[in-house]
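We will go from stop to stop together.

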Amino acid sequence: MAFETTETVDCDILIIGGGMSGCGAAFEAKFWAGDRRVVLAEKAVIERSGATGEGLSAINCYMGQRYGWNTPEDFVNYVVNDMMGLAREDLVYDVGRHVDNSVHLLEEWGLPIWKQENGQYERIGRWQIPIHGESIKPIAAEPARTALGPENIYERVAITHLLTDDDDPGKIAGALGFSVRDNRFYVFRSPVVIITTGGASNVFRPRSVSEGLGRTWYSVFATGSAYGLMIPAGVEMTQMEHRFVPTRFKDGYGPVGMWFQYFHAKVLNALGDDYTVTRADELGKYEPYGSAIPTPTPLRNHQMFLDIRDGYGPMYMRTDQAMQALSGGDPAKMEQVRNEAWEDFLDMTISQALTWAAQNIAPEETPSEVVLAEPYIMGSHSGEAGAWVSGPEDVTGSGAAPDYFWGYNRMTTIRGLFAAGDGVGAAPHKFSSGSFTEGRIAAKAAVNYLADNPGRPAVTGEQVQGLQQTILAPLATYDRHKGATTAEEINPHYLTPKQGLVRLQKIMDEYGAGASAWYTTNGPTLERGIQLIEMLREDLAHLAARSPHELMRCWELVHRAWVGEAHLRHLLYRQETRWPGYYYRSDYPNLDDANWRVFVNSRYDRAADSWELMTRPYRNLIT
Ligand code: SFD
Ligand code: AMP
């Protein structure tokens, strides 16, 4: 059997995940940490791992303070409105005030940012700047790799569990994982851990099934590990009912922001009507957020949803009209617009360029279908699920918000455990640049924590060995039972991670307001979904793995299942429809600011195998 070797790695700071926030954390941690050992564990290879591995075409979080474009206060105002009144102002402000510096660093390290004739950055929208961003990830990874040194970067090591201190379960002690390449089981012992393991795709059944399986908008490698590591360890989570339903080009999942804001394209229904005009009155039901500019993301979805529901689809992004208007009949200008259109997708979502090619679409002549995609659980884009973390001391440490501050910026409710990027809740619209920035913020605070808490963690062999057995169990299950049938995937004793994933996605789609359920659910449906997901959780003890790679898939599934369960429980708890266009509670169809302008938080108690749900106040601290 695999994994005869167990390697123990002792370090002072362990960063789990080397995506945008992990690279930011590595760069910053080493700057402050001096001789202390900072280690990064990543399940892939940091030059191409995570959501930005396939590139980006824009930096979506940039204030432009040096040009006088926006202030961090403006950003808070925008984000709170976009989230229909619910975001942690302290956390959002903190990203806003530091993010420009990170963007300037990325440019210094080689990121080509589009420029206007006056030398200023080109703009897409108020917060978005275009980049030639195919290589944004290697550009962000290089300083991280240089800072830590190759001997401190453990790649192709999938982390499955956190370790807590034997003498104090409220304190972090490290993490466990295994290599998918070299037969090695890893025990990381560290008094400080920073979780940067990204958001969650594929929790819901995607629109791309069978022939398109494997294609989603957010990275298929975003397996919900940030949540799946923290929830079972008892970390308090927030807004796990929240999701992002992106409007996307159909089948290729091409993003729309550049099209709406830079190319000024419109989405028209099959009758040629613009839902933002014909459905303008609908916004009045959701004041004060309905009249925010821009219209909040869920409400934009909601307007389009109503058109689709009423049978006015397909919805078409009129790339043709927009490109012709921009070029004004000038062939040279059209050539430039065409290049920009294709680059948008070639930089970031190559599958959309392939879809255009496969469907004979010349965007300057042919409109493209757009749809509402399946839900994603994330904390860095227009979604705000994640850990409930302590805020910045100068904003929240003054006593202004006692429930937002417990000592160290971005520390979770487990001492010594920090989070960033998709892992931090109630702090959305960070995107790539803000996630990188939040990694830096968390790392600096983590070094402070380390200075104040110099002791080594207590981790006995008992905790490690118990978990190690659990982690490797799918390999043993396969070995024990593989002879029972001739078809490896059909066996009464086990299920494969792919089978488990399909089962999870079916539950989430049908009971948790997925795309095939028209994003709609209610209390009884959620209760039934929770029963089914509890049974799924029991059955996940019978996962089988034929190789270390499949073992990683098993634990990715377990992480996704934690995300799904938390999502259903939170959906049930929040008795209102705060984000129409993201989901609808048919039994509570209205926005209820009087009772529900609060964060919904939860904590899973491992010993009792029970969940506690509660609310935390929204506080107006900045605007
Ligand atoms: O157009 C483990 N994003 C966009 N951001 C922008 O700034 N501009 C855009 O143009 C963006 N768009 C976009 C974006 C993403 C995608 C996929 C597309 C288009 C097609 C969003 C950003 O990418 C996103 O906000 C950040 O990347 C989030 O950063 P972070 O650090 O929270 O997540 P990550 O980068 O995915 O990194 C996670 C890392 O963890 C690793 N990992 N390692 C060890 N053990 C485990 N168990 C692990 N689980 C995960 C991952 O491998 C990864 O390295 S647009 O649509 O808006
Ligand atoms: P997307 O390409 O949909 O991921 O969006 C990229 C960025 O543009 C994000 O900051 C979105 O919030 C923003 N965005 C997308 N569409 C619109 C729109 N119609 N109006 C304003 N902002 C938008």
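A residue counts as buried when its relative accessible area is under 20%. Keep that cut-off in mind, and remember that this is a predicted model.

**Stop 1: Tyr253.** Select Tyr253, in the loop between β12 (247-249) and α6 (257-261). Is this residue buried or exposed? With a relative accessible area of 4%, Tyr253 falls under the 20% cut-off and is therefore buried. Check its backbone too: phi is positive, about 65 degrees, although Tyr253 is not a glycine.

**Stop 2: Trp518.** Now jump to Trp518, which sits in the loop between α15 and β18 (520-521). Here again you will find a positive phi in a residue that is not a glycine, this time of about 55 degrees. The relative accessibility of Trp518 is 42%, so the residue counts as partly exposed.

**Stop 3: two helices.** Next, show α15 (residues 497-511) and α17 (residues 548-573) and look at how they pack: their axes are 9 Å apart, at an angle of about 15 degrees. That angle makes α15 roughly parallel to α17. The residues where they touch divide into nine nonpolar, three polar and three charged. The crossing of α15 past α17 is left-handed. To see the contact, display side chains: on α15, the residues include Leu501, Leu504, Ile507 and Met508, and on α17 they include Cys554, Leu557, Ala561 and Leu568. Arg553 and Arg560 of α17 also take part in this contact.

**Stop 4: two cis peptide bonds.** Zoom in on Glu287 and Pro288, joined by a cis peptide bond with omega of about 5 degrees. Pro288 belongs to the loop between α7 (275-278) and α8 (297-309). Then move to Gly313 and Pro314, where a cis peptide bond has omega of about -5 degrees. You will find Pro314 in the loop between α8 and β14 (315-317).

**Stop 5: Lys430.** Finish at Lys430, in the loop between β17 (417-419) and α13 (431-452). How accessible is Lys430? Its relative accessibility is 1%, so Lys430 counts as buried. Follow the side chain of Lys430 to the backbone oxygen of Gly421, at 2.8 Å, and to that of Val424, at 3.4 Å. Beyond its neighbours within four places in sequence, Lys430 has contacts that include Cys61, Val95, Gly379, Ser380, Ser435 and Glu438.

Notes: Residues are numbered from 1 along each chain as its sequence is written. Chains are lettered from A and ligands numbered from 1 in the order in which they are written. This is a predicted model: local features need pLDDT of at least 70, side-chain atom pairs count only at pLDDT 80 or more; totals for chains, interfaces and linings use all residues. Side-chain values use heavy atoms; hydrogens and water are left out. Helices (H or I, at least four residues) and strands (E, at least two) are DSSP runs, numbered from the N terminus. Buried means under 20% relative accessible area, exposed over 50%, partly exposed in between (1.4 Å probe, protein chains only). Contact means heavy atoms within 4.5 Å. A polar contact is a pair of N or O atoms within 3.5 Å; within protein, one must be able to donate a hydrogen and the other to accept it, and residues adjacent in sequence count only if both atoms are side-chain atoms. Axes are lines fitted to C-alpha atoms, for helices over the stretch in contact, and angles run from 0 to 180 degrees between N-to-C directions. Angles under 35 degrees count as roughly parallel, over 145 as roughly antiparallel, 65 to 115 as roughly perpendicular and the rest as oblique. A crossing is left-handed if the near helix is turned anticlockwise from the far one by less than a right angle, and right-handed if clockwise. Ala, Val, Leu, Ile, Met, Phe, Trp, Tyr, Cys and Pro count as nonpolar, Asp, Glu, Lys and Arg as charged, and the others, Gly among them, as polar.
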